[in-house]
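Have the viewer open as you read.

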Amino acid sequence: MDSRSYPLDASSLTISAKIVIAGGFGVGKTTFVGSVSEVKPINTEAWMTVAGEGVDPAPDSGKTTTTVAMDFGRITLQPDLVLYLFGTPGQSRFWFLWDDLCRGALGAVILVDTRQIQDSFAAINYFENDSDIPFIVAVNKFDGKLAYELDEVREALTLSPDVLLTTCDARDPGSTSKALQELVSYTMSCTVSYGPDVTWG
Amino acid sequence: MEHIEMRSRRIRLYALTGGRTRPRHHLLVETLVSAPQYDPQLAKTMMPESQALYELARETTSIAELSAHLTIPLGVIRVLISDLAAQDAVIIHPTGFTYQYDRIILERILDGLKKLPA
């Protein structure tokens, strides 16, 4: 029972996986995605029809269409395995889109800028409380160096000791790849089985 | 079907899903679709948007890329792709999530990341 056999018809199909790159506005998410993506980060405007909350609803429908910009990149890891990196939209009012982006992700990297540490609180809070995907926190070294010790950053972010805290340089492909590897290893270490909800379909 | 072009594009996009916002399949933004047996005769019977999706799917493409290339909202893409899959025009690929990110998949991802040019 420990080895999974893929359905016959699906075994030859290319599989995709997803990692979410989260963090506040201007923290370097697009730079991070761009440094490892084999294509220039694709900016897509995901039009969403949302209930008119805090915005003027169209008089007849009670709904309005909102445009949310998001960036994503792609890495072909094996001939039959593609990894997508999705940057979360900066505006925190679009939490419903975060849910959509995070569903099915193998994990998330939360980028932190120590010069604007408060901008990361919303993202960390989301992954600690509102999402069940594995995540790590990575301090983006903007000048190639750390302004604070990681212990100080952990304290400032009030991260629990079991949250993996690392550093990276979002401009450097080797460094971003290493951060992604740390996340994948972390996900592998998570013992809790994690997969599709049975109510889907 | 020709008169369709006269209408506002955005209204048309939501109208052609018949008001449905939930596709039959659960399509993630990274879910890949492909049309390995492209049939030009079948393409002719499709609405323009579905036809465009069908043609793009000749190369394996993700839902998010289809949305970006055609500037059609993700929700609409999901419904249209779901319909194309129901008529066996496109194949919906499994994702890592389908296999609950088992150890084999995670190891292959890790392996691939290690081999990236630094």
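This is a predicted model: local features need pLDDT of at least 70, side-chain atom pairs count only at pLDDT 80 or more; totals for chains, interfaces and linings use all residues.

## How the helices meet

As for handedness, helix 5 of chain A passes helix 6 of chain B in a left-handed crossing.

Who makes the contact? On the helix 5 side of chain A, you'll find Ser177(A), Leu180(A), Gln181(A), Val184(A), Ser185(A), Thr187(A) and Met188(A). Helix 6 of chain B brings in Arg103(B), Leu106(B), Ile109(B), Leu110(B), Leu113(B) and Lys114(B). Sorted by class, the contact has seven nonpolar, four polar and two charged residues.

## A sheet in chain B

Now over to chain B, where three strands make an open sheet in the order 2-1-3, with antiparallel pairing. Strand 2 (61-62) and strand 3 (91-92) of chain B sit at the edges with a single partner strand each, so one side of each has no neighbour in the sheet.

Strand 1 of chain B (residues 32-34) is joined to strand 2 of chain B by two bridges. Across that pair, Leu32(B) stands opposite Ser62(B).

## Chain A overall

Chain A has five helices and seven strands, running β-α-β-β-β-α-β-α-β-α-β-α from the N terminus. It has 201 residues, of which 40% count as buried. Among contacts in chain A with a separation of 6 or more, 69% come from residues 24 or more positions apart.

Key
Residues are numbered from 1 along each chain as its sequence is written. Chains are lettered from A and ligands numbered from 1 in the order in which they are written. A crossing is left-handed if the near helix is turned anticlockwise from the far one by less than a right angle, and right-handed if clockwise. Helices (H or I, at least four residues) and strands (E, at least two) are DSSP runs, numbered from the N terminus. Two residues are in contact if their C-beta atoms, placed from the backbone, lie within 7 Å. Ala, Val, Leu, Ile, Met, Phe, Trp, Tyr, Cys and Pro count as nonpolar, Asp, Glu, Lys and Arg as charged, and the others, Gly among them, as polar. Two strands pair if DSSP finds at least two bridges between them. A residue is buried if 20 or more other C-beta atoms lie within 10 Å of its own, exposed if 12 or fewer, and partly exposed in between; C-beta atoms are placed from the backbone.
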